[in-house]
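The structure comes first, then the account.

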Amino acid sequence: MSEERWNVLLALSVASLGRWLASLWASRNRRDQFVRVGQVSDLSLFPVKSCQGIPLQKARAEVTGLVSEGLYDRQWMLVKPNGDFLSMRHYSKMALIRVSSHVCNLHLDAPGQQTLVLPKNPSVDQQRFIMTRVWGLRVLGMDCGNEAESWFQTFLGAEGVRLVVSSGTMPKKDSSKELKPWGNPAQPGDLALFSDFGGYLVMNEASLGALNDRLQNKVTFRSFRPNIVISGCDAFAEDCWEEIKIGDKRPLYFRILDPCTRCVLTTVNPDTGERNKDKQPLETLKQFRCFPPYGSDPIFGVNAALDNTGDIQVGDPVYAIRKSN
């Protein structure tokens, strides 16, 4: 192993140990403050940013996000020639790209396209490194080659787009370095791959129900792309959570970072890959989910960071510590 790779691995290990010790201390000192609020009702992994997700019954929860069968959440991403990320905000047809796991490979399928086969964890080649940007943060990606480039360019009708991957010990995005106008509650070592912010997006079934009560055409969580869905609690209870604990025997401890602000991506119909002409459900969210200091972008769901690692599955109990103010 090269000295550079060893240093990266050591840094990740130290950060993970620090989070684990902090979690252990916090759990022992605040254990009696956790109150049962519900249970996990859905888990989803999104290996390719803005493409279809993979529903799961169980998964491994790591600091950077969910992991299943060697696939990591938001491990792949499309970029412009200058390295800026691309998503359904730019190409709504990305919603039609199906993602599936096959032993050592990832398969991508789309209407009119032959299957694109990619290795789940390709060998790291520094000559293929590309400096990309996810919102305000620069993060290293590795180019996936000309076949992937041609596949995406043909399907999307877009020139110059490239597919990148975060593999092995490549440096990961540190969410604490992102600048947000309302402040950033993430801590150093809160890592992610190519997600918009933190490693986890958590949502509440009752909150979706409250939104659908206001909509003529109902929507599903496919329009919002959460990793963890919780049922059994009141609508928008997640707004008041400071921490959550999932599981009993070997619980996972999450810090709630901030609400997830929503944009035009939510207006993409996941079945057709087209934007809804009525701009729903975003317009309805704007009517009742805009709060200072988040400006004109409505909030729906919460970003979270994980302090330890372990297994998670549908049906696990969920406990929360509520904010004091």
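## Cysteines and ring contacts

Cysteine 240 has 42% relative accessibility, so cysteine 240 counts as partly exposed. The classes are set by relative accessible area: buried means under 20%, exposed over 50%, and partly exposed in between (1.4 Å probe, protein chains only). This is a predicted model, in which local features need pLDDT of at least 70, side-chain atom pairs count only at pLDDT 80 or more, and totals for chains, interfaces and linings use all residues. Residues are numbered from 1 along each chain as its sequence is written, and side-chain values use heavy atoms, with hydrogens and water left out.

The structure holds zero disulfides. A disulfide here is a pair of cysteine sulfur atoms within 2.5 Å. Cysteine 240 is in no disulfide. Its nearest cysteine sulfur belongs to cysteine 233, 11 Å away. Cysteine 260 is in no disulfide either. For cysteine 260, the nearest cysteine sulfur is that of cysteine 263, at 8.2 Å. Cysteine 260 counts as buried, at 14% relative accessibility.

Now the rings. The structure holds nine aromatic pairs. Rings of Phe, Tyr and Trp (its six-membered ring) pair if their centres lie within 6.5 Å; planes under 30 degrees apart count as stacked, over 60 as edge-to-face and the rest as tilted. Two of the pairs are tabulated here.

| Pair | Centre to centre | Angle between planes | Class |
|---|---|---|---|
| Tyrosine 200 and phenylalanine 254 | 5.1 Å | 85° | edge-to-face |
| Phenylalanine 236 and phenylalanine 288 | 5.9 Å | 75° | edge-to-face |

Tyrosine 200 lies in strand 16 (residues 200–204) and phenylalanine 254 in strand 19 (residues 252–261), so their pair ties together parts 54 residues apart in sequence. Strands (E, at least two residues) and helices (H or I, at least four) are DSSP runs, numbered from the N terminus. Tyrosine 200 is buried, at 1% relative accessibility. Phenylalanine 254 is buried, with a relative accessible area of 1%.

Phenylalanine 236 sits in the loop between strand 17 (228–231) and strand 18 (241–246). Phenylalanine 288 is in helix 4 (residues 282–288), so this pair ties together parts 52 residues apart in sequence. Phenylalanine 236 is buried, at 15% relative accessible area. Ring pairs link Phe236 and Phe288 with Phe224 and Phe300 into a cluster.

Charges also meet rings. A charge sits over a ring if NZ of Lys or CZ of Arg is within 6 Å of the ring centre and within 35 degrees of the ring normal. Arginine 214 lies over the face of phenylalanine 288, 3.9 Å from the ring centre. Lysine 93 lies over the face of phenylalanine 155, at 4.3 Å from the ring centre.
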